[in-house]
Amino acid sequence: MRIIRSVRHKVCADGAFMKEFLLDTPVPAEFYAYLGNFGHIEKLINVGEDFYKFEKPDWFSIKGFAGDTTVEVRFRKEVMDLTVDFVYLLFSSYHDGKVDLSALKRREQAIGERVRKHLHGSQE
């Protein structure tokens with residue numbers, strides 16, 4: 001699954017930067033389960049039958065309906081330049097449920113160290 005382009009973007013009231021991405025294929029519900037390997041996933045039934053929200057604190061969140069070809073991604077503005085490539089990697093690495101999680105986890109760890117340093121300085 002690939003991100004084709006950002007079809008809409010804006011700065012949100014909370015300071016986050018939102019991008020709506022157009023994908024080359026509809027998002028399967030299993031994709032959201034896969035995202036659970038990298039953060040917290042919720043199925044929000046009160047919003048819609050197949051509406052999901054993924055949260056990776058201090059990085060970004062992804063919201064969308066299974067079966068849609070668009071998703072909304074809200075980035076923490078201060079670290080967006082560090083985390084946007086990981087969003088693209090999450091989508092491009094997903095192939096009908098066949099994913100090399102070990103490579104993604106190594107990349108996540110490397111980016112995570114940079115995010116922590118950027119947000120918290122050398123205090124840790």
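Strand 5 (60–65) and strand 6 (residues 70–75) run antiparallel and are joined by four bridges. Strands here are DSSP E runs of at least two residues, helices are H or I runs of at least four, and both are numbered from the N terminus. Two strands count as paired if DSSP finds at least two bridges between them. The model is a predicted one, in which local features need pLDDT of at least 70 and side-chain atom pairs count only at pLDDT 80 or more, while totals for chains, interfaces and linings use all residues. Residues are numbered from 1 along each chain as its sequence is written, and side-chain values use heavy atoms, with hydrogens and water left out.

Ile62 stands opposite Val73 of strand 6. Strands 5 and 6 form a hairpin with four residues between them. In its turn, Gly67 has a positive phi of about 95 degrees. Strand 5 also pairs with strand 4 (residues 51–56), in the antiparallel sense and over six bridges. There, Phe65 in strand 5 is the bridge partner of Phe51. Three residues separate the strands of this hairpin, and Asp58 takes a positive phi near 70 degrees.

Strand 6 pairs with strand 2 as well, again antiparallel, over six bridges. Lys19 stands opposite Val73 in strand 6. Strand 2 (residues 17–23) is in turn joined to strand 1 (residues 3–11) by seven bridges, and these two strands run antiparallel. Ser6 has Phe21 in strand 2 as its bridge partner. The hairpin of strands 1 and 2 has five residues between the strands, with Gly15 in the turn at a positive phi of about 95 degrees.

Together, six strands form an open sheet in the order 1-2-6-5-4-3, with antiparallel pairing. Strand 1 and strand 3 (40–43) stand at the edges with a single partner strand each, so one side of each has no neighbour in the sheet. Neighbouring strands are turned by 20 degrees against each other on average, direction ignored.

Helix 2 lies across strands 1, 2, 5 and 6. It runs at about 155 degrees to strand 6. Axes are lines fitted to C-alpha atoms, for helices over the stretch in contact, and angles run from 0 to 180 degrees between N-to-C directions.

The axes of helix 2 (residues 80–93) and helix 3 (residues 101–120) come within 10 Å and cross at roughly 165 degrees. That makes the two helices roughly antiparallel, a term for angles over 145 degrees. Helix 2 contributes Leu82, Thr83, Phe86, Leu89 and Ser93 to the contact. Helix 3 contributes Leu104, Arg107, Glu108, Ile111, Arg114, Val115 and His118. Contact means heavy atoms within 4.5 Å. The residues of this contact divide into six nonpolar, three polar and three charged.

The structure holds 14 aromatic pairs. Rings of Phe, Tyr and Trp (its six-membered ring) pair if their centres lie within 6.5 Å; planes under 30 degrees apart count as stacked, over 60 as edge-to-face and the rest as tilted. Tyr34 and Tyr94 have ring centres 5.0 Å apart and planes at 45 degrees, so this pair is tilted. Tyr34 lies in helix 1 (residues 29–35) and Tyr94 in the loop between helix 2 and helix 3, so the pair ties together parts 60 residues apart in sequence.

Conventions:
Angles under 35 degrees count as roughly parallel, over 145 as roughly antiparallel, 65 to 115 as roughly perpendicular and the rest as oblique. Ala, Val, Leu, Ile, Met, Phe, Trp, Tyr, Cys and Pro count as nonpolar, Asp, Glu, Lys and Arg as charged, and the others, Gly among them, as polar.
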